[in-house]
Amino acid sequence: MRRRDFIRIAALTLLPPVVGLGRARAARADGVDVNAILRDPDAPTFGDADGDVTIVAFLDYNCPYCKKSAPDLSRVVKEDGHIRLVYKDWPVLTEASVYGAQLALAAQYQGRYETVHDALMGIPGRRIDEKRMLEAVAASGVDLDRLMADLKAHITDIAALLKRNNAQAESLGLKGTPTYLVGPLLASTLDYASFRRAVAEARRRQAAGE
């Protein structure tokens with residue numbers, strides 16, 4: 001990646017409620033591996049693989065704001081049709097958050113990440129424990145026996161992915177969840193209208209070469 005690409009990720013413009021990173025974080029841009037963030041082959045990726053805008057979502061299954069934004073994010077990606085969506089499980093709130101991320105990532109091996117992701121995001125409240133998470137996953141229709149077997153077989157790979165996600169979040173100076181990279185923009189909690197505005201602005205900037 002060129003230095004210019006690092007700056008585009010780190011030096012952002014205010015777009016209510018999009019938050020700028022400011023000069024201090026822009027100065028850290030050389031430590032950001034943009035390609036690793038956008039193109040980790042193990043990160044769950046959905047939407048249009050060749051989309052003109054990529055949204056990277058850093059999320060925690062015990063984050064109420066992640067849960068609030070999740071349906072609007074899914075709606076924008078589906079309706080737009082030209083967005084590439086990358087999920088970054090970043091369990092920073094509780095130990096159970098780590099378990100939830102492990103369950104979701106284990107479901108990838110049977111092609112059911114989104115099913116488990118939606119089930120976990122659909123649990124109301126915060127500080128959800130492991131038992132309630134597992135109950136929600138079991139009720140989602142996935143092959144639970146296979147999921148648990150995949151979790152056991154691939155736990156090292158899953159742990160490595162979570163470690164990379166954390167390192168990427170730290171390289172960007174992120175402070176918590178949810179955080180969304182929408183093209184060259186960094187956003188916190190967004191609703192449907194705000195996601196659409198952010199996507200439109202990302203396209204405008206990309207077309208202008210900013």
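A: To begin with a definition, helices are DSSP runs of H or I with at least four residues, numbered from the N terminus. E201 lies in such a run, helix α10, which spans residues 192–208. The model discussed here is predicted.

Q: Why is E201 called buried?

A: Buried means under 20% relative accessible area. E201 has a relative accessible area of 16%, so E201 is buried. The side chain of E201 also makes a polar contact of 2.9 Å with the side chain of R204.

Q: What makes the contact between D52 and R203 a salt bridge?

A: A salt bridge requires a side-chain nitrogen of Lys or Arg within 4 Å of a carboxyl oxygen of Asp or Glu. For D52 and R203 the N to O distance is 2.7 Å, therefore the pair qualifies as a salt bridge. The two residues are 151 residues apart and link distant parts of the chain: D52 is in the loop between β1 and β2, and R203 is in helix α10. The search of the whole structure finds nine salt bridges.

Q: Why are D52 and R203 each classed as partly exposed?

A: The class lies between the buried limit, under 20%, and the exposed limit, over 50%. D52 has a relative accessible area of 41%, so D52 is partly exposed. R203, with 24%, is partly exposed as well.

Q: What makes E79 and R75 a salt-bridged pair, and where do they lie?

A: The closest N and O atoms of E79 and R75 are 3.0 Å apart, and the limit is 4 Å, so the pair forms a salt bridge. Both residues lie in helix α4 (residues 64–80), four residues apart. E79 is partly exposed at 48% relative accessible area, and R75 is partly exposed at 40%.

Q: How do you know that D89 has no salt bridge?

A: The nearest side chain of opposite charge to D89 belongs to K88, 9.4 Å away. A salt bridge needs a distance within 4 Å, so D89 has none, although D89 is buried. D89 lies in strand β3 (residues 83–89).

Q: What makes a group of residues a nonpolar core, and how many residues has the largest?

A: Such a core is a set of buried residues of listed kinds, among them Ala, Val, Leu and Tyr, joined through side-chain atoms within 4.5 Å. The largest has 47 residues, and L73, V116 and Y180 have the most contacts inside it. Helix α5 (residues 95–107) gives the largest share of this core, eight residues. Apart from it lies another core of 13 residues, including V86 and W90.

Methods
Residues are numbered from 1 along each chain as its sequence is written. This is a predicted model: local features need pLDDT of at least 70, side-chain atom pairs count only at pLDDT 80 or more; totals for chains, interfaces and linings use all residues. Side-chain values use heavy atoms; hydrogens and water are left out. Buried means under 20% relative accessible area, exposed over 50%, partly exposed in between (1.4 Å probe, protein chains only). Lys and Arg count as positive and Asp and Glu as negative; His and the chain ends are not counted. A polar contact is a pair of N or O atoms within 3.5 Å; within protein, one must be able to donate a hydrogen and the other to accept it, and residues adjacent in sequence count only if both atoms are side-chain atoms.
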